[in-house]
Amino acid sequence: MSSGQSTTAGTMKAFRGKLHLPIIMVCAVALISLLYTERISIILSSNPFSKHKFCSRRAASVTKKNYRNATEEKIDASVLDDRFVFDPEECNVEHGKWVFNRSIKPFYSDRSCPYLDRQVSCVKNGRPDSDYRHWEWQPEDCTLPRFNPELMLEKIRNKRLMFVGDSLQRGQWQSLVCMVESIIPQDKQSMRRGRVLSVFTAKEYNATIEFYWDPFLVESNSDLHIVGNPKERILKVDSVDKHAKHWTGVDILVFNTYVWWMSGYTIKSYWGSFPNGEEGYEELEAVVAYRIALKTWANWVDTNINPNKTRVFFTSMSPTHIRNADWNNPEGMRCFNETKPYLKKGFWSTGADKRIMRVVVEVIKKMKVPVSVLNITQMSDQRIDAHTKVYTETGGKLLTDEQKADVLHNSDCIHWCLPGVPDTWNQIFLANL
């Protein structure tokens, strides 16, 4: 190498070394300008690298550094752009987290909606805390659209929507009715309540939102007049005909069955023609009886439903929270003294039977008619705080003060307060519609 070349190389090395500080200063000034200019959104939209979301992550870092007292929710909000818009084919809503957001207000209250049963009207029944109404479910992979009552009503215009199942399914039905009824003029809506079939009508939309009481889906001796003692309930696990005649002609069907199967280790079941009728039952393990019954339901759907005319949904099991040791609170009293969700990732309580979930998945996977599963189990399992507890009724009567004091025996850790968790189920339901 000549001396001229050596000098040039040395000059270039020196030149590169001295550029670091000015470059950093220029970048810092540019970043500050971008963060504070009113036209930042326009600049970002024209930036070919904006799809990588570098700025949103940087903003989160700056926010965390400058405002150490900022809530975790606000910090999380700044990185929401990393998630894609909800697509039922791509987004698994069961994977996510509950985020407290007091700015999110329920669409109704148990005082504003005239159609809520007293059983789930927790505030009216004296529940003193309210934080359970302000938790928002955020899936990991996508953004779940906010519930839109106008959109919901448009989706069911000129249609019949029917929820079929037990009292938990009735809670989802009441939740949906209350979420839409406030935007409908009083003279344009009606409600007809029945022992088995209840129908809410949105007259201007020529639409109905219905609930059909059928706790097992298949026929039983507890369908119309409830048999209180689970040991005396008998199921005809190979027949849905008595109920199914009410399902025909419905445009959107949402089925559910779970908690009534969990009342004991065995279920008295019979099928076919027995000379002595119900006396010919056999005692089957609950999961075995459940599988037979669900296959009976699936066969009816495959035989009778035209998927071009009717959409079918199945709501997965709503968990119960009876055993407080499940969420590491051995000093607790069932769910009574819980005021926050149990946010441990992957939590699965004993009140959500995985065997039942497995049966649902296996049976539906083999069906010819497409069935959309609304998987609400994992997200609901964390909501140990949101049950009706002692702020409810039993036998058609509110709990007395003496009954409320016995929280260990009288806390209802099965049903949900409304407004509450079932509102999120309906948010997911609408997103799937």
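**Close-up views of cavities, pocket and core**

**Figure 1. The largest cavity.** About 280 Å³ of space lies in the largest cavity of this predicted model. Its lining has 20 residues, and those nearest the centre are Ile104, Trp135, Arg146, Asp423 and Thr424. Helix 13 (421-432) and strand 3 (135-139) each contribute at least two lining residues. Helix 13 has the largest share, with 4 residues. By class, the lining of the largest cavity consists of 10 nonpolar, 6 charged and 4 polar residues. The count of cavities of 30 Å³ or more is 3.

**Figure 2. The second largest cavity.** The volume of the second largest cavity is about 50 Å³. Its lining is formed by Val120, Ser167, Leu168, Gly171, His415, Trp416, Leu418 and Pro422. Helix 6 and strand 19 are the elements that give two or more residues to this lining. The most come from helix 6, with 3 residues. The lining of the second largest cavity has 5 nonpolar residues, 3 polar residues and no charged ones.

**Figure 3. The largest pocket.** The largest pocket has a volume of about 1400 Å³. Of the 47 residues that line this pocket, Ser167, Val259, Trp260, Ile414 and His415 lie nearest its centre. Ser167 and His415 also line the second largest cavity. At least two lining residues of the largest pocket come from each of helix 6 (167-181), strand 8 (207-213), helix 8, strand 17 (393-394), helix 12 (407-410) and strand 19 (412-416). Strand 19 gives the most, with 4 residues. The pocket lining divides into 18 nonpolar, 17 polar and 12 charged residues.

**Figure 4. The largest nonpolar core.** This core holds 102 residues, and those with the most contacts inside it are Met152, Leu161, Ile209, Trp247, Trp297, Phe314 and Phe429. Helix 8 (residues 286-304) gives the most to the core, with 10 residues.

**Figure 5. Surroundings of Trp297.** Beyond its neighbours within four places in sequence, Trp297 is in contact with Leu217, Val240, Trp247, Phe255, Val312, Phe314, Ile364, Met367 and Val371. Trp297, Trp247 and Phe314 are among the residues with the most contacts inside the largest nonpolar core.

**Figure 6. Whole protein, for reference.** The protein has 13 helices and 19 strands. Of its 433 residues, 46% are buried. Among contacts between residues at least 6 apart in sequence, 74% join residues at least 24 apart. The protein exposes about 22800 Å², and 53% of this is supplied by carbon and sulfur atoms.

Technical notes. Residues numbered from 1 in each chain as written. Predicted model: local features only at pLDDT ≥ 70, side-chain atom pairs only at ≥ 80, totals over all residues. Heavy atoms only, no water. Core = buried A, V, L, I, M, F, W, Y, C linked by side-chain atoms within 4.5 Å. Buried < 20%, exposed > 50% of the residue type's maximum accessible area, 1.4 Å probe, protein only. Contact = heavy atoms within 4.5 Å. Areas by Shrake-Rupley, 256 points an atom, 1.4 Å probe, with all protein chains shown as cover. 1 Å grid on protein atoms, 1.4 Å probe; cavity = no way out; pocket = protein on both sides within 12 Å on 5 of 7 lines; lining within 4 Å. Points joined across faces, edges and corners; volume = space filled by probe spheres on them. Nonpolar A, V, L, I, M, F, W, Y, C, P; charged D, E, K, R; others polar.
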